[in-house]
Amino acid sequence: MAGEGLPIRTATRVLGISESGYFTWRGRPPSARANRHLWLTELITAIHTDSRGTFGYRRIHEELTLRHGIPISHGTVELLMRRAGLQGRPGVPDRLWVTDAAELATRQGELLCVIVLDAHARRLMGWSTGSSPAAGVAADALSRAVLRHSVHPGPRPEGRFTTLVFTERAHSRGLAPPTGLVADRNDHAVIGDFWARTRTELLDHREWNSRHDLATALSDYFEGIRV
C-alpha cells in the first residue's frame with residue numbers, strides 16, 4: 001500500500017501494524033524464498049520469450065522440470081507468471097511447420113520416425129514410423145498432420161520439407177513449401193527440444209526388442225502429448 005503512494009502512517013493503521021514494525025520489515029534483506037522466486041521469474045520470462053509468447057504455465061513447467069531439472073510445482077509457475085503478467089497464447093494459427101526424421105535403434109534394426117511440428121506453437125502436428133522408404137514415411141506423417149488438424153487450401157501455412165514426395169504431398173494438401181530447404185536456428189531449437197523431451201520421457205528408459213514395440217510405444221506417447 002505504501003508502495004502505491006498511500007501514506008505510511010495511514011497504511012500501517014489500516015493493516016493494524018506499527019510504523020516501527022513496518023520499517024523493521026522493510027530493512028530486512030530479501031528471504032531465500034523471495035530470491036528464488038525472483039530467479040525463477042527471470043528464467044520463466046526467458047522461456048516465455050523464446051516460445052514467442054505461446055507457452056502457458058503447463059508447458060513452462062515442463063521446460064523447468066525436464067530441461068532445466070528444477071523441482072517446482074505447477075501452482076508456483078502459474079503464480080509467478082501471473083505476477084509477471086505472462087500468459088500463454090492458445091490457438092495459434094498454423095503458419096510454419098517443420099519436420100525431422102530420426103533413426104531409432106531396436107534389437108531388430110533401426111526404426112525411422114518422422115515428426116511434423118508447428119514451429120510457432122511447438123505443437124506436435126503429426127508423425128509416422130516405418131523402416132523404408134524415407135520419403136513414404138515423411139509423406140504419411142504430413143498426411144496425418146493435415147487430417148488431424150483440418151488444414152485446407154486457402155491462407156496456407158508454410159512448411160519446410162526435404163523430399164520430392166513430401167513436397168508434392170504438401171502441394172496437394174494446400175500447403176506452400178518454400179524453396180529453401182535448410183531449417184533456421186529456431187527450427188532446430190524446436191526440433192531439438194522435442195527429441196530431448198521424447199528421449200527423457202520414453203526412449204532412454206529401456207532397450208527396444210523390435211520395431212513394432214517401439215512404434216507402438218511412440219504412438220501411445222505421441223497421442224498422450226498431442227494437443
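This is a predicted model: local features need pLDDT of at least 70, side-chain atom pairs count only at pLDDT 80 or more; totals for chains, interfaces and linings use all residues.
In general, an α-helix has 3.6 residues a turn, so residues three or four places apart point the same way. On length, α9 runs over residues 211-225, and its 15 residues should span 21 Å at 1.5 Å a residue. The end C-alpha atoms are 21 Å apart, which agrees.

Now the chain as a whole. It holds 9 helices and 4 strands. Read from the N terminus, the order of elements is α-α-α-α-α-β-β-β-α-β-α-α-α. Of the 227 residues, 40% are buried. If we take contacts with a separation of 6 or more, 55% of them are between residues 24 or more positions apart.

Two packed helices are described by the angle between their axes and the distance between the axes.

Take α3 and α4 to begin with. Helix α3 covers residues 32-50 and helix α4 covers residues 57-67. Their axes come within 10 Å and cross at roughly 115°. The crossing of α3 past α4 is right-handed. On the α3 side the contact is made by L43, I44, I47 and H48, and on the α4 side by I60, E63 and L64. By class, the residues of this contact are 5 nonpolar, 1 polar and 1 charged.

Then α4 and α5. Helix α5 is residues 74-84, and its axis comes within 9 Å of the axis of α4, with a crossing angle of roughly 115°. This crossing, too, is right-handed. From α4 the contact uses Y57, R58, I60, H61 and L64, and from α5 it uses H74, V77, E78 and M81. The residues here divide into 5 nonpolar, 2 polar and 2 charged.

What are the buried residues of α5? They are V77, L80 and M81. These cover an arc of only 100° around the axis, which puts them on the same side of α5. What do they pack against? The buried residues of α5 pack against α3 and α4. The face of α5 turned away from its buried side carries R82 and R83, both exposed. After α5 comes G85, and its phi is positive, near 75°.

Where does S143 sit? The place of S143 is in helix α6, residues 134-149. Is S143 buried or exposed? Its relative accessible area is 8%, so S143 is buried, given that buried means under 20%. Along the chain S143 and S128 are 15 residues apart, and their C-alpha atoms are separated by 9.4 Å.

For α5, the corresponding residues are R82 and R83. That is the end of my part.

Notes
Residues are numbered from 1 along each chain as its sequence is written. Side-chain values use heavy atoms; hydrogens and water are left out. Axes are lines fitted to C-alpha atoms, for helices over the stretch in contact, and angles run from 0 to 180 degrees between N-to-C directions. Helices (H or I, at least four residues) and strands (E, at least two) are DSSP runs, numbered from the N terminus. A crossing is left-handed if the near helix is turned anticlockwise from the far one by less than a right angle, and right-handed if clockwise. Contact means heavy atoms within 4.5 Å. Ala, Val, Leu, Ile, Met, Phe, Trp, Tyr, Cys and Pro count as nonpolar, Asp, Glu, Lys and Arg as charged, and the others, Gly among them, as polar. The expected span of a helix is 1.5 Å times one less than its number of residues. Buried means under 20% relative accessible area, exposed over 50%, partly exposed in between (1.4 Å probe, protein chains only). The arc is that of the directions from the helix axis to the C-beta atoms.
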